[in-house]
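Hello,

Here is the structure you will be taking over. Please look through it first; my notes on what was found follow below.

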Amino acid sequence: MQTILVTGGTGYIGSHTVVALLESGYKVVILDNLCNSSAKVVDRILKIAHPNAQLTFIEGDIRDTNKLDQLFKDHLFEGVIHFAGLKAVGQSVTHPITYYDNNVYGSLCLIQAMNTAKVKTIVFSSSATVYGEDAPVPYEESMPRGNTTNPYGTSKAMIEKILADQCIADNQWSVAQLRYFNPIGAHKSGLIGEDPKGIPNNLLPYITQVAIGKRKELSVFGVDYPTPDGTGIRDYIHVVDLAKGHLKALKKIQPTHNNPQEHRQGSGEHIWNLGTGQGYSVLEVICAFEKACGVIIPYATEPRRKGDLAAFWANANKARAELNWQAPLTLEHMVTDAWHWQQSNPQGYN
Ligand code: NAD
Ligand code: UFG
């Protein structure tokens with residue numbers, strides 16, 4: 001049984017990925033400082049996977065180098081999936097030092113500890129935001145890391161570059177840089193899902209909070225974009241499909257101990273877009289939610305949100321060809337599962 005370290009594993013995407021890992025027979029150790037998640041997630045994960053699944057939760061910060069070194073001494077990790085990070089774009093503009101410290105310095109601490117322990121396999125949570133504001137759509141992995149428009153995006157591009165350089169320096173490193181598009185939805189059990197603190201920044205959690213009566217109406221940011229209905233277009237992907245992409249990527253890059261030739265194929269830097277390849281506008285998402293969930297979402301049109309792009313979506317061919325991975329769950333599944341999670345947990349994990 002292989003053991004995987006999952007940083008940020010009690011968070012939104014992390015928790016769904018831990019379920020997928022446990023269901024595939026991995027042992028998992030979560031390291032999370034709970035700055036944006038709840039320890040209650042651990043029991044929920046076990047309920048879904050199996051009460052006897054091999055899961056250990058350790059509360060701690062990736063910048064705590066002593067703790068990290070001890071962790072790598074206590075466990076024989078076959079690889080790391082690195083979710084831990086701060087992700088609020090607007091907050092990163094007002095608190096850049098916090099973002100570079102947590103995301104970039106934190107990742108450096110992790111990479112250093114991995115190197116010392118000779119654990120050289122990592123799947124990293126990157127973002128479509130690293131393509132920057134000038135990239136043509138659909139985004140392809142061969143495009144350069146572009147002009148990022150905020151410290152959050154820059155922190156992701158910096159971490160990608162550090163990992164890429166480490167692969168050049170040491171050919172035993174295997175790195176998957178997974179560029180997520182817009183993850184939404186929740187596990188179909190309704191036991192785990194997205195639980196934003198305070199006012200949600202993102203579209204879907206805002207919609208579900210309006211639907212449940214926590215917020216009066218949705219603000220639609222911008223109706224004058226050069227898109228068919230004037231609202232922004234994104235590539236929404238079900239979080240469960242996204243989680244499965246991590247397993248495929250991990251398996252692809254993991255060294256196979258008895259076949260050095262295969263190891264060489266898996267090592268080095270690999271970049272994969274994890275999206276569906278299909279974009280939907282804000283109005284289309286509202287409409288899909290109303291239709292699937294039978295709840296009307298009152299909304300007001302507002303000016304464009306600063307820093308938002310008109311439209312972007314993935315070219316998802318590379319992940320399909322190289323990982324044999326696709327995202328089959330539709331927008332209807334995404335909104336239905338998000339609504340089921342919200343209804344089952346009106347106050348999130350509280
Ligand atoms: P999340 O906030 O739910 O999960 C992140 C987890 O990391 C949280 O549980 C938090 O407590 C933990 N964490 C943060 N800093 C830490 C630190 N220093 N030490 C230990 N734990 C720490 O976010 P998410 O949506 O699950 O995102 C996971 C990753 O995916 C993040 O790196 C994020 O930037 C990236 N990502 C997310 C999206 C998205 O739309 N959700 C899109 C692209 C990329
Ligand atoms: N939107 C609204 N009203 C809201 C929230 C969002 O109209 O209350 C609109 C936005 O203007 C945008 C679309 O809905 O057109 C999606 O916005 P989100 O905030 O849900 O997502 P973003 O595309 O802005 O950003 C997300 C993550 C980033 C990540 C990026 C690419 O939040 O961290 O996807 O992966 F970098």
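**Ligand 2**

Around ligand 2 there are 22 residues, and those that come nearest are Ser127, Ser219, Arg234, Arg305 and Asp308. Please keep in mind that this is a predicted model.

- Asp308 places a polar side-chain atom 2.6 Å from an oxygen atom of ligand 2.
- Ser219 uses its backbone: an N or O atom there lies 2.7 Å from a nitrogen atom of the ligand.
- Ser127 has a side-chain N or O atom 3.3 Å from an oxygen atom of ligand 2.

On its own, ligand 2 exposes 690 Å², of which the protein buries 90%.

**Ligand 1**

The other ligand described here is ligand 1. It is surrounded by 27 residues, the closest being Asp32, Asn36, Ser37, Lys87 and Tyr152.

- A polar atom in the side chain of Ser37 is 2.7 Å from an oxygen atom of ligand 1.
- A backbone N or O atom of Ile13 is 2.8 Å from an oxygen atom of ligand 1.
- A polar atom in the side chain of Asn102 is 3.0 Å from a nitrogen atom of ligand 1.

Taken alone, ligand 1 exposes 820 Å², and the protein buries 95% of this area. Which elements supply at least two residues each to the shell around ligand 1? They are H1, strand S5 (121-127) and helix H6 (151-169). Of these, S5 gives the most, with 3 residues. The shell around ligand 1 divides into 10 nonpolar, 12 polar and 5 charged residues.

**Helices H1 and H2**

Two packed helices are described by the angle between their axes and the distance between the axes. For H1 (residues 12-23) and H2 (residues 40-49), the angle is about 35° and the axes are 9 Å apart. The crossing of H1 past H2 is right-handed.

On the H1 side, the contact is made by Ser15, Val18, Val19, Leu22 and Glu23. H2 contributes Val41, Ile45, Ile48 and Ala49. Sorted by class, the residues of this contact are 7 nonpolar, 1 polar and 1 charged.

Regards

Terms used. Residues are numbered from 1 along each chain as its sequence is written. Chains are lettered from A and ligands numbered from 1 in the order in which they are written. This is a predicted model: local features need pLDDT of at least 70, side-chain atom pairs count only at pLDDT 80 or more; totals for chains, interfaces and linings use all residues. Side-chain values use heavy atoms; hydrogens and water are left out. A residue is near a molecule or strand if one of its heavy atoms lies within 4 Å of it. A polar contact is a pair of N or O atoms within 3.5 Å; within protein, one must be able to donate a hydrogen and the other to accept it, and residues adjacent in sequence count only if both atoms are side-chain atoms. Accessible areas come from the Shrake-Rupley method with a 1.4 Å probe; for residues, only the protein chains shown count as cover. Axes are lines fitted to C-alpha atoms, for helices over the stretch in contact, and angles run from 0 to 180 degrees between N-to-C directions. Helices (H or I, at least four residues) and strands (E, at least two) are DSSP runs, numbered from the N terminus. A crossing is left-handed if the near helix is turned anticlockwise from the far one by less than a right angle, and right-handed if clockwise. Contact means heavy atoms within 4.5 Å. Ala, Val, Leu, Ile, Met, Phe, Trp, Tyr, Cys and Pro count as nonpolar, Asp, Glu, Lys and Arg as charged, and the others, Gly among them, as polar.
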